[in-house]
Structures are given as C-alpha cells and as structure tokens.
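Have the sequence and the structure open as you read.

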Amino acid sequence: MFEFALPWLFILLPLPLVARKLLPKSEPLSSALKVPYYRQLPRYRGSSPANRLNLVMLWLLWGLLIAAAARPQWYGEPMTQTSSARDLLIAVDISGSMETPDMVLNGNPAMRITAVKQVVGEFVLRRQGDRLGLVLFGTRAYLQAPLTFDRKTVDTLLTEAQIGFAGQGTAIGDAIGLSVKRLTQRPAEQRVLILLTDGANTAGEVSPLKAAELAKQAGVTVYTIGVGADEMVQPGLLGSRFGARRVNPSRDLDSETLQAIADETGGRYFRAHNPQELANIYTELDRLEPVEQEAETYRPLKSLYIWPLGVALLLAALWGAVPLLASWVSANGTNGKSTAAAGGPHS
C-alpha cells in the first residue's frame, strides 16, 4: 500500500504564489557591475515560450521537493512471524577450585574450567533460536552477557572468562539471586536457570536455599550441575609417583544443597564426573520443552523519497546545464566566424 507519511506538507504547494502576492515588489536597481555573461542567460519575465517553460520547471521542481519531504513509502503485505524458543540463563562457577585438573580431554589431564568451556560452549552454539545469557560467579556474581540471540558472543565471553575474575570464593546464592532478578523481566513460563559449580557456597550475601525460595516465588526453574571427579592421583615428591596418593577432589562439592535448590524450584540436579557425563547432561537439557513466544505481525516498509528527490536534482542539473552549454556553443561559433573573417584576406 502506497502512502505519504507527512501528507499535510502538500498544503505548502501554493506557497510561492502566496509569497508573490503578499511580499512587496522589489524596486528596480541599477547594476553596479556589468557582467555580459548574464545577458546570455534566459530571462524569466514576459510570456515567451522559453519563459513559460522555465515557469513550468520551477513549479515541477517545487512539487517534487514537496513530494520528497512528505516521505512517500510503500507498505508490503502483513507478515506474521512466530518464534519457538526458550530463554536460558547459564551461571558458571569460575572460583579458584575450577582450576583443579581432574578432567580428561583428548586423553590429557585438563582443568575443570577447560572442560566446562568446551561442553557449555557447544551447548550454547547449538541452541539456535534460543535467547541465552551468561552469569559468572566466584566471591561475587555478575552478569557477563544479558539475554540475547547472539550465541556466538555468549560463547566468546565464556571462553574469555578467567579464573579469579570474580574472586576465589563461591557465591552460589548471589548467582541465583542475580539470575532471578534478570529473568523476572521475562514471561513466567520462560524463566530457566542452569547453574554449574564444583563446590559449596562460601561467599555472598544470600544463602543458596533462600535464593531458591526467591526463585520459586518468581517462577524460575533452576537446574543445578555439580562437576568434578571423585578421585584423582596427587603426585608425590617432585611430581614423581613416590609419595603419590589418591584424593577426592570433589570433597567440597555440596550436592545436598544443589539437590535442594533443584527440588525447591522444580528443576533437577545433575552430577558430572567427567566431560562425557557433562556433555550428556547438556544433551538432556536440550530436551527442555520449547515455549512458544507471542507471534509478531509486521508489514515491511520501503521508503521512496529518494525517487522524487533524485528526479528534482536531475532536472535542476539539466535545467542549469542546457543554457550554459548553449551559451558556450554560441560563443565558440561566434569566435570561429570572427577568426575566419579575420584570416580570410591573408589566405
């Protein structure tokens, strides 16, 4: 459908006539400077065909400029777009204990944070159509990426996260509280938090169970993941096997609290001892039921002001160029005849 965004501007079309009627006529002044060139330009007074053409051009240019200022535009057919997606906040522990090298990646020992970045990064990239956000926490919790469809940026921010950025402690309650605050800005049926940690709450102002109560009141479903092996070999003297011993690197993991958080909010607690189990957990999280968001109807809009404006500029350029070109041709023709006349007797 074609329409003008500012159609009232067309009331300005007779403005030149009004100005001509209302403004006082200028008194003829004697020229202080004689410029013969301007004698060759067309004059706008009188009723000669050239003057009538100039008048038509002026009105045409004025009309085109008014039409461009009125912003002509074309609306396409209405289109309805329905997106089926979820809003997920991912909270990742980056406290000092995440440096523990009890994971195995590609046959080599790896720190927990390295395995988490790889598995969670793959999870983020395959969540096409979902709106994702990232919360990092240690002694403090902070929002690293707000909810966004830009999954690549979320993955990049997770990859760039470093141990110690948020302190060496573990503020699980604060991480949940911050996530709840962000998720309450979304429709209730879409509030989901996936929290991953390897320890217990050792910092922060809100206890994990109190935060779980707040999450429940806000309708936020919290899935918790405890990561870390149950056993690892601690090297002995000078890194040798002499004096080596087996230890439980996950002895500080508070599985009971993580289970309670999930139970309180209607989520589920998962335990990952290695990267493969962690990947399986995120594959299961992939099966969360998508929530259909509200359908949006829009009409594509195409602005057309460039056409009357372009035609006006082109006509103005031609209108100014034609008299100058004619003047130049006339002047060269006169000079040529004068030269021929002057050189005739000597040939």
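Leaving aside neighbours within four places in sequence, Val 92 is in contact with Ile 113, Val 116, Leu 134, Val 135, Leu 136, Phe 137, Leu 158 and Leu 196. Please keep in mind that this is a predicted model.

**The nonpolar cores**

Val 92 belongs to the largest nonpolar core, which has 31 residues. Together with Leu 134, Leu 196, Ile 225, Leu 278, Tyr 282 and Leu 285, Val 92 touches the most other members. Two or more residues of this core come from each of the strands β5 (87-93), β8 (131-137), β10 (192-197), β11 (221-227) and β14 (269-272), and from each of the helices α4 (112-125), α5 (151-160) and α9 (275-285). Which of these elements gives the most to the core? It is α4, with six residues. There is also a second, separate core of 23 residues, and among its members are Val 135, Leu 193, Leu 195 and Val 220.

**Strand β11 and its partners**

Is β11 largely enclosed or left open by the rest of the structure? Six of its seven residues are buried, so β11 is largely enclosed. On one pairing, β10 and β11 run parallel and are joined by six bridges. Leu 196 has Ile 225 of β11 as its bridge partner. To get from β10 to β11, the chain passes through helix α7 (residues 208-217), and this β-α-β crossover is right-handed. β11 also pairs with β14; these strands run parallel too, with four bridges between them. Here Thr 224 stands opposite Tyr 269 of β14.

| Residue | Relative accessibility | Class |
|---|---|---|
| Thr 170 | 5% | buried |
| Thr 265 | 10% | buried |
| Glu 160 | 49% | partly exposed |

Thr 170 sits in the loop between α5 and α6 (172-183). Its side chain makes a polar contact of 3.4 Å with the side chain of Ser 95. Not counting residues up to four places away in sequence, Thr 170 touches Asp 93, Ser 95, Phe 137, Gly 138, Thr 139, Thr 197, Ala 200, Asn 201, Thr 202 and Ala 203. Why does Thr 170 count as buried? Its relative accessible area is 5%, and buried means under 20%.

Thr 265 is found in helix α8 (residues 255-265). Beyond residues up to four places away in sequence, Thr 265 touches Ala 212, Ala 215, Lys 216, Val 220, Thr 221 and Val 222.

Glu 160 has its place in helix α5. Between Glu 160 and Lys 117 there are 43 residues of separation in sequence, while their C-alpha atoms are 9.3 Å apart in space.

**An annotated span**

Finally, turn to a stretch that carries a database note. An unreviewed UniProt entry gives residues 304-329 the annotation "transmembrane region". In the model, the span is 92% helix and 0% strand, and its end C-alpha atoms lie 38 Å apart.

Key: Residues are numbered from 1 along each chain as its sequence is written. This is a predicted model: local features need pLDDT of at least 70, side-chain atom pairs count only at pLDDT 80 or more; totals for chains, interfaces and linings use all residues. Side-chain values use heavy atoms; hydrogens and water are left out. A nonpolar core is a set of buried Ala, Val, Leu, Ile, Met, Phe, Trp, Tyr and Cys residues joined through side-chain atoms within 4.5 Å. Buried means under 20% relative accessible area, exposed over 50%, partly exposed in between (1.4 Å probe, protein chains only). Contact means heavy atoms within 4.5 Å. Two strands pair if DSSP finds at least two bridges between them. A crossover is right-handed if, with the strands pointing away from the viewer, the path from the first strand over the helix to the second runs clockwise. UniProt positions are given in the numbering used here, feature names are shortened, and annotations may be inferred rather than shown by experiment. A polar contact is a pair of N or O atoms within 3.5 Å; within protein, one must be able to donate a hydrogen and the other to accept it, and residues adjacent in sequence count only if both atoms are side-chain atoms.
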